[in-house]
Amino acid sequence: MTRELKANRLAYNYWHDRIHERVKDERKAELLAPKEPPHPFGAKRLSLEQDFYDHFCRPNVDVIDIKTNPIVAFEPNGIRQQDGTIHELDVIALATGFDSITGGFKNIEIRGLGGEKLSDKWKMGTYTYLGMTTARFPNMYFTYGPQGPTAFSNGPSCNELQADWMVSLIESMKKNGQTRIDPKEENEMNWKTMVNELALKGVRGHTDSWYNGANIPGKPREALNYAGGIPAYIKAISLERDEQYPGFDLQ
Ligand SMILES: Cc1cc2nc3c(=O)[nH]c(=O)nc-3n(C[C@H](O)[C@H](O)[C@H](O)COP(=O)(O)OP(=O)(O)OC[C@H]3O[C@@H](n4cnc5c(N)ncnc54)[C@H](O)[C@@H]3O)c2cc1C
């Protein structure tokens, strides 16, 4: 379904019909579940809701389209849209700033060789090797982060296999009297390219969402998760371990 668009459309149509059964107001229903899909089904994270759509049947709950009629001003008594409509409000909750996968990293002042900031290195794009390390930041490891299976996997499974890999690496370094590890830059370039190519094989790589940074104005648009699946990821990181870490400078 994530690759075959005909099958994807069948799934979308099924979901569309179920939402229209629940949301009786046709205008609201069409905005929430348009007849023509705005993007393939599942390309953005699905809402695992139980009664989210039912609330739109209440008279005090509405949905509006800001793509065709954008917000132009926040005013003392509410929000104004381009066509002049004012929505009078007491409280405004913004849900626009979900800076997924790399946001937390960039908010911490992590510095690497020569004092380089991670937020500067990743400003125009994210670079990692195996989704666990990044060049010029020796001995820094991360799990469940950018360019790993992360949001396309089960969290504990992803963390466990990455942590096991790190433990093997540290044990091997101890055995060999090594104290410093830094991935080679060409390896992280190749990893980044591969992660981006994998994303384009499925619908998620072609749709703007937090999976690729497109929900934050100005954030680089790139694949933030490894879409090859856990078995292929295990194969890649196991090969690195079995060949004694050729992708790294070890000292
Ligand atoms: C690795 C990972 C694993 C996760 N696992 C889970 C899990 O197991 N269970 C769980 O419940 N949650 C999980 N989450 C969290 C969950 O997926 C997110 O909290 C949720 O998808 C965020 O939805 P949102 O609507 O806040 O953000 P988004 O879907 O990003 O919505 C923000 C919207 O704001 C819009 N926007 C941005 N700027 C503007 C602007 N200036 N004007 C107008 N619109 C704007 C964007 O276009 C976008 O549509 C996980 C997240 C990650 C990263």
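**Exercise 1.** Is Phe41 buried or exposed?

Solution. Buried means under 20% relative accessible area, exposed over 50%, and partly exposed in between, with a 1.4 Å probe and protein chains only. Phe41 has a relative accessible area of 15%, so Phe41 is buried. This is a predicted model, in which local features need pLDDT of at least 70, side-chain atom pairs count only at pLDDT 80 or more, and totals for chains, interfaces and linings use all residues. Residues are numbered from 1 along each chain as its sequence is written, and side-chain values use heavy atoms, with hydrogens and water left out.

**Exercise 2.** Classify the ring pair of Trp15 and Phe41.

Solution. Rings of Phe, Tyr and Trp (its six-membered ring) pair if their centres lie within 6.5 Å; planes under 30 degrees apart are stacked, over 60 edge-to-face, and the rest tilted. The count by this rule is 18 aromatic pairs. For Trp15 and Phe41 the centres are 6.1 Å apart and the planes make 45°, a tilted pair. Trp15 has 22% relative accessibility and therefore counts as partly exposed.
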